[in-house]
Amino acid sequence: MAQIPRSFRLLEELEKGEKGLGNSSCSYGLKDSDDLDMKDWNGTILGPPHTAHENRIYSLTIHCPHSYPGAPPVVKFESKINLPCVDARGVSLEAGLHT
């Protein structure tokens, strides 16, 4: 199966984020607009209604390694959050990069 080149995939993701396409409770974009490698991103998640997270805003950072999209990005919650898939430092355990 052919893999989409990293830069094409990230440009597609950036366009979606800038245009607000997709889930309206999430927003994201490049941390630094001059980052030609598109490796560091910021994101915001609005807590879903009718949950313990309702009316909360969570900030996160996203790092896309050079092996992306073959390897997942590293996601770190900057806001405190209590989820079983997030360690005490705010790093998503799903990425498999926790230490």
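Predicted model: local features only at pLDDT ≥ 70, side-chain atom pairs only at ≥ 80, totals over all residues.
1. **Overall layout.** The protein chain has one helix and four strands. Reading from the N terminus, the elements go α-β-β-β-β. Along its principal axes, the C-alpha trace spans about 40 × 35 × 30 Å. Of the 99 residues in the chain, 27% are buried. If you take the contacts between residues at least 6 apart in sequence, 24% of them join residues at least 24 apart.

2. **The nonpolar core.** The largest nonpolar core has 13 residues, and Leu10, Trp41, Cys64 and Phe77 have the most contacts inside it. The biggest contribution is from β3, with three residues. As background, nonpolar side chains in soluble globular proteins tend to be buried together.

3. **Leu10 up close.** What does Leu10 touch, leaving aside its neighbours within four places in sequence? Its contacts are Asp37, Met38, Trp41, Cys64 and Tyr68. Two of these names, Trp41 and Cys64, are also on the list of residues with the most contacts inside the core.

4. Tyr28 is in strand β1 (residues 26-30) and Trp41 is in strand β2 (residues 40-46), so the pair ties together parts that are 13 residues apart in sequence. Are these two residues buried or exposed? Tyr28 is partly exposed, with a relative accessible area of 25%. Trp41 has 3% relative accessibility and counts as buried, because the cut-off for that is under 20%.

5. **The edge-to-face pair.** Tyr58 and Phe77 also form an aromatic pair, with 6.5 Å centre to centre and 85 degrees between the planes, which is edge-to-face. Tyr58 lies in strand β3 and Phe77 in strand β4, so this pair ties together parts that are 19 residues apart in sequence. Tyr58 is buried at a relative accessible area of 5%, and Phe77 counts as buried at 11%. Remember that Phe77 was also named among the residues with the most contacts inside the largest core.

6. **Ser79 and what it reaches.** Ser79 lies in the segment after β4 (74-77). Which backbone atom does the side chain of Ser79 reach? That would be the backbone nitrogen of Ser59, at 2.8 Å. Leaving aside neighbours within four places in sequence, Ser79 is in contact with Ile57, Tyr58 and Ser59.

7. **The largest pocket.** This pocket has a volume of about 390 Å³. Its lining has 21 residues, and those nearest its centre are Tyr28, Leu60, Ile62, Pro73 and Val75. Which elements supply at least two residues each of the lining? They are α1, β1, β2, β3 and β4. The largest share, four residues, comes from β2.

8. **Backbone spots to check: positive phi.** Met38 has a positive phi of about 55 degrees although it is not a glycine. Met38 is in the loop between β1 and β2 and is buried, with a relative accessible area of 7%. Met38 is also one of the contacts of Leu10. Asn55 is another non-glycine with a positive phi, in this case about 65 degrees. Asn55 lies in the loop between β2 and β3 and counts as exposed, at 74% relative accessibility.

9. **The loop between β3 and β4.** A cis peptide bond joins Tyr68 and Pro69, with omega at about 10 degrees. Pro69 lies in the loop between β3 and β4, and Tyr68 is among the contacts of Leu10. Ser67 is placed in the loop between β3 and β4 and is partly exposed, with a relative accessible area of 43%. Ser67 and Leu11 are 56 residues apart in sequence, and their C-alpha atoms are 15 Å apart in space.

Notes. Residues numbered from 1 in each chain as written. Heavy atoms only, no water. Polar contact = N/O pair within 3.5 Å; in protein donor to acceptor, adjacent residues only side chain to side chain. Contact = heavy atoms within 4.5 Å. Core = buried A, V, L, I, M, F, W, Y, C linked by side-chain atoms within 4.5 Å. Buried < 20%, exposed > 50% of the residue type's maximum accessible area, 1.4 Å probe, protein only. Phe/Tyr/Trp six-rings, centres within 6.5 Å; stacked < 30°, edge-to-face > 60°. 1 Å grid on protein atoms, 1.4 Å probe; cavity = no way out; pocket = protein on both sides within 12 Å on 5 of 7 lines; lining within 4 Å. Points joined across faces, edges and corners; volume = space filled by probe spheres on them.
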